[in-house]
Amino acid sequence: MVPDQNEFFMDPNRCIGCQACVQACSECETHKGYSMIHLDYVDRAHSVQTAPVVCLHCDSPTCAEVCPADAIKKTADGVVQTALKPRCIACNNCVLACPFGVPKMKTDFKLMMKCDMCYDRTSEGLKPMCATVCPSQALFFGTREEIEFLRPRSVATNQFRFGEQTITTKVNMMLPKSGKAEYVDVTAAMSQRGSGKTISLNILDGMYEGEQNQ
Amino acid sequence: MIRREREELTIPPDGRSFEEQPKWRQDFPIDWPQADYLSRRDFTKFMVLISLAFTAGQFWIIVRNFLRKRRGEAPIQAIATIDQLPIGGSLAFIYPEAHDTCLLVRTAEKTFVAYSQKCTHLSCAVVPQPDKNRFYCPCHEGSFDLATGATIAGPPQRPLPRINLEVRGDRIYATSVEVKTI
């Protein structure tokens, strides 16, 4: 049982794309060599911004709702587990249905595997692998008091809005306090253009000209 | 966070309570504790139904035993005269019921053997081959010993049912069927 006071906080703003969480995840004994975390490049052509995606453990898990084999189960503390091996038929329904793109289909094992918040560790009171190694603490596992003290300018939310549907999750996402948003509007964010400044790196320009002159 | 009741942890997409959900959702809950939960009523129902099935099975066995005793032995039936068969010759006859074809083979001057013609594998008709000392089933190349009916080769596991014979004067009578499992 994961202690009630321990919660997962995800802050993509702080992610530096170091891949430490991916490596740590694949070190886990329960799925050695296979990382269950997704490290997404937000807009790779124009930005170095990355965002780690762990399973958000929805209150109403869509992956489990769509499973035709009744293979995806949620523990009493709200952690959605990897599909049960004797039941999973590797149909990919959960992979297609998950709004966050979390489940991974391992065709080698004919099994859907997903982030289970390191249930073997968190149920013993330890932190998940990714949260222990994250150098910028973009992935944070601890109490609400700790995160409020460490991130005075952010506020945690666990509401995600997809069109008309709101999804409530166990994992929290950190939002800027100034935004005053109660939920993350995912569909609206998908069509949003990046507001960051365009930076061009021109360090190689001179080198090229020098070659031309010779 | 106050932990919610076991029945209410997963919120269904329509947001209604667990009792209002369709039967399939109650039967296949997403929550692990709820999926593992077995109520005392369900357990008792299961036990009662299983014991009922066992009791009914006992009665079924009693009824079948009674019917088998009532049916009794197959009647003695004349099948051929000795002169009808040369040594090494065979004759098909029907015994004891209308669809039970059997084979009578004369193996020596005074030796007759008779077996059911149905192969014990998949009930194909076996062919007597007295020169090779066997019954041969062409379907899956099964072979039975001519003298005992035991299996020699191929897929059949049980020997051919033997028809017990009796020679009275110059007539051969089938007296009973002997079904063996080994």
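**View 1. Where chain B meets chain A.** In this predicted model, 14 residues of chain B are in contact with 12 residues of chain A, two residues being in contact if their C-beta atoms, placed from the backbone, lie within 7 Å. The side of chain B that touches chain A is made up of 10 nonpolar residues, 1 polar and 3 charged. Here Ala, Val, Leu, Ile, Met, Phe, Trp, Tyr, Cys and Pro count as nonpolar, Asp, Glu, Lys and Arg as charged, and the others, Gly among them, as polar. Residues are numbered from 1 along each chain as its sequence is written, while chains are lettered from A and ligands numbered from 1 in the order in which they are written. Because the model is predicted, local features need pLDDT of at least 70 and side-chain atom pairs count only at pLDDT 80 or more, whereas totals for chains, interfaces and linings use all residues.

**View 2. The open sheet of chain A.** Chain A has 8 helices and 9 strands; helices (H or I, at least four residues) and strands (E, at least two) are DSSP runs, numbered from the N terminus. Five of the strands, in the order S6-S1-S8-S7-S9, form an open sheet with mixed pairing, where two strands pair if DSSP finds at least two bridges between them. S6 (139–142) and S9 of chain A stand at the edges with a single partner strand each, so one side of each has no neighbour in the sheet. S7 (residues 154–162) of chain A runs parallel to S9(A), paired over 2 bridges.

View 3. Val184(A) sits in strand S9 (residues 184–185) of chain A. Arg161(A) is 23 residues away in sequence, yet its C-alpha lies 5.9 Å from that of Val184(A). Arg161(A) also stands opposite Asp185(A) in S9(A).

**View 4. Helix H3 of chain B.** The 32 residues of H3 (residues 40–71) of chain B should span 46 Å at 1.5 Å a residue, and the end C-alpha atoms are 47 Å apart, which agrees; the expected span is 1.5 Å times one less than the number of residues. Of those 32 residues, the number buried is 0, so H3(B) lies largely in the open. Just after H3(B) comes Gly72(B), with a positive phi of about 70°.

Notes:
A residue is buried if 20 or more other C-beta atoms lie within 10 Å of its own, exposed if 12 or fewer, and partly exposed in between; C-beta atoms are placed from the backbone.
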